[in-house]
Amino acid sequence: MRSVDNQDSGETGNDTLFSLFGVPRMRGYLDACGGDPVVALELYRWNTRISGAFWETLSHLEIVLRNVLAKRLAVRHAAAGRAGSWLDDPSRELDHRARREITEARQRVNRKGKTASDGQILSELSFGFWRFLLARRYATTLWPDLARGFPVAPTRARTVVEQPVTRLHEFRNRLAHHERIWNQPLKERHDDIMALLGFVRGDLPDWVAEECRVSAVLVTCPIERPYP
């Protein structure tokens, strides 16, 4: 491993790296590696590699989920004979949180000097927005229509889709904040992604898996992880 010299401060190369990345942040890595700073830094690098691999694969799911749910809501809106867009929520079916997120998304589009079309607004909505559309509060309103977006799911039970989406939303937040994921059940999160893709279309997991690096990177972890 290349060292970073810091002769003026008297710090060793590893000390400098720990200081740059944040000593409290690196403490968990050091503890997991028996106090060995070289292995701890390699684990830190590996955490970045596996995070990047998950971002690539999770991005496919995020876009598919967004488009599937948005399409079903648009079809539902049209079938009810409602004017405008489902994003306008003319029947006030969405909760306060969802309406606020749509308003904020529309404002962000406007600040960028773009036309606030449905497509532009959809692209500004967070993964969490779509997660909460699957919540129990919508079990008897939105879900019967949203369920049609997952024709290959084993059942039409709402929780079959909601539970893995919830786990992945929380996992995505860890990725977004560059947190440790080496100590998470990574194979299970990978399985969640592939299962959800498969609920939408049977051959979609295979297509995504062709370029997915997660499995290959998993086996290169420099320590024995708490999960397989």
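This is a predicted model: local features need pLDDT of at least 70, side-chain atom pairs count only at pLDDT 80 or more; totals for chains, interfaces and linings use all residues.

A: Residues are numbered from 1 along each chain as its sequence is written, and side-chain values use heavy atoms, leaving out hydrogens and water.

Helix α3 covers residues 37–79; helices here are DSSP runs of H or I with at least four residues, numbered from the N terminus. The axes of α3 and helix α1 (residues 13–21) come within 10 Å and cross at roughly 40°. Axes are lines fitted to C-alpha atoms over the stretch in contact, and angles run from 0 to 180 degrees between N-to-C directions. The two helices are therefore oblique to each other, a term for angles that are not under 35 degrees (roughly parallel), over 145 (roughly antiparallel) or 65 to 115 (roughly perpendicular). On the α1 side, Asn14, Leu17, Phe18 and Phe21 make the contact, and on the α3 side Pro37, Val38, Ala40, Leu41 and Tyr44; contact means heavy atoms within 4.5 Å.

With helix α8 (residues 158–176), α3 packs at an angle of about 135°, the axes being 11 Å apart. That makes α3 oblique to α8. Here Ser51, Phe54, Trp55, Leu58, Leu61, Glu62 and Leu65 of α3 meet Val165, Leu168, Phe171, Arg172, Leu175 and Ala176 of α8.
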